[in-house]
Amino acid sequence: MRFFLPKPSRTAAAVVLLAACCLGSSGASAQKSANGRNGAASPVRGTIPYATRDDAMQFADEVAARRGLDREWVRATIGSARLLPNVPRLMLPGPVGTVKNWQTYRGRFIDPVRIAAGVRFWRDNAATLARAEQVYGVPPEIVVGIIGVETIYGRNMGNFRVIDALATLSFDFPQGHPRAAEREAFFRGELESFLSTESRTAEDPLVPVGSYAGAMGMPQFMPSSIAKYAVDFDGDSRIDLVNNTADVIGSVASYFKAFGWKAGMPATYPVHFDEARLQKALLLAPDILPSFSADSFVAAGAVPEGEGLRHKGLLALVELQNGADAPPTYVAGTRNFYVITRYNWSSYYAMSVLDLGQEVKAAMEQ
Ligand SMILES: [Ca+2]
């Protein structure tokens, strides 16, 4: 769910969920209010232009018709949204030519504070994590890694009003972005999904808060992902990704299952190169999409270690840059590694999730 942030991992793209975006970007430490939600107000006071904007009101009418919602309610809701003046520029790509640095990226997400918080989260939710693994096949360390990287287990869920973030990115997306039309359409779809859900649950649509991209709760799900993948995992007949850790855990595992997570399959194997026959360009061409059998991987000079030599599915050579002066890090990524990147389209993100999960697991066993 993230991805637009100016951070080293950012890969392009349209994202399904933008979760991670809020980390470090909003710097929002979650101030819980009396009702348990994050701090109520957006940190940025914007203007309220959309009630008199033809494009916004036309969109409101289309959404109302398409979703069978009350037209005046949709108009009033969009009309109440603030334009957040600082948000559009956060969508712009980072400088071209910057060499990514895996070690720096990793250091942002894996530190003693986050590991200790992960241990507490795992211990507090051990039975639910085990049940999620039974139901969805996704092991606790993956779920723990995701929630830790996304929000430090709920500490940083963002404090932008979701309606403000989504309206701003729907109607004032920066036109200088190389894929402005595509991104604007994406955010309009998220706004539509958000309005539909809020209308159905009869919640006040001006209340929910999240990242500057509209991602919500401990797992930073975008509205469309909440609609498609979130689950009520404690059986209280509602889905709460802000306060209910069972729903959070079940929803993350449900998301991975939906994107093809295979129970029991490692996400990566260590890999070394047989320099004499190495065809690195060939191996890197499909990027993180697993495209090589273990045999064809070895034939091209990339030798997975341990069980990786007998891996039944396809592999990808994953390259993580370490700045301009150090050699890259390489791993063999499986289908499950690819699935992690469906949460946030970045191999650096996926490696951070895996490493944090392993660090927390190791700390649990001490
Ligand atoms: Ca629930």
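## Exercises on a predicted model

Strand S5 (residues 316-322) and strand S6 (residues 326-333) run antiparallel and are joined by six bridges. Strands are DSSP runs (E) of at least two residues, helices are DSSP runs (H or I) of at least four, and both are numbered from the N terminus. Residues are numbered from 1 along each chain as its sequence is written. The model is predicted: local features need pLDDT of at least 70, side-chain atom pairs count only at pLDDT 80 or more, and totals for chains, interfaces and linings use all residues.

**Exercise 1.** Find which residue of S6 stands opposite Leu-317, and state how many residues lie between S5 and S6.

*Solution.* Start with the pairing: two strands pair if DSSP finds at least two bridges between them, and S5 and S6 have six. Next, locate Leu-317; Ala-332 in S6 stands opposite. Then follow the chain from S5 to S6: three residues separate the strands, which form a hairpin. In the turn, Gly-323 has a positive phi of about 80 degrees.

**Exercise 2.** Describe how helices H1 and H2 cross, and list the residues in contact.

*Solution.* Two packed helices are described by the angle between their axes and the distance between the axes. Axes are lines fitted to C-alpha atoms, for helices over the stretch in contact, with angles from 0 to 180 degrees between N-to-C directions. For H1 (residues 54-67) and H2 (residues 71-80), the axes come within 9 Å and cross at roughly 145 degrees. From H1, the contact (C-beta atoms, placed from the backbone, within 7 Å) takes in Ala-56, Met-57, Ala-60, Asp-61, Val-63 and Ala-64; from H2, Arg-71, Val-74, Arg-75 and Ile-78.

**Exercise 3.** Decide for Glu-150, Ile-152 and Ser-237: buried or exposed?

*Solution.* Apply the cut-offs: a residue is buried if 20 or more other C-beta atoms lie within 10 Å of its own, exposed if 12 or fewer, and partly exposed in between, with C-beta atoms placed from the backbone.

- Glu-150 lies in helix H6 (residues 140-151). Glu-150 has 33 C-beta neighbours inside 10 Å and is therefore buried. An unreviewed UniProt entry annotates Glu-150 as "active site"; such annotations may be inferred rather than shown by experiment.
- Ile-152 sits in the loop between H6 and strand S1 (160-161). Ile-152 has 21 other C-beta atoms within 10 Å, so Ile-152 is buried. Its phi is positive, near 50 degrees, in a residue other than glycine.
- Ser-237 is in the loop between helix H9 (223-229) and helix H10 (245-258). Ser-237 counts as exposed because it has 6 C-beta neighbours inside 10 Å. Though not a glycine, Ser-237 has a positive phi of about 70 degrees.

How values were computed. Two residues are in contact if their C-beta atoms, placed from the backbone, lie within 7 Å.
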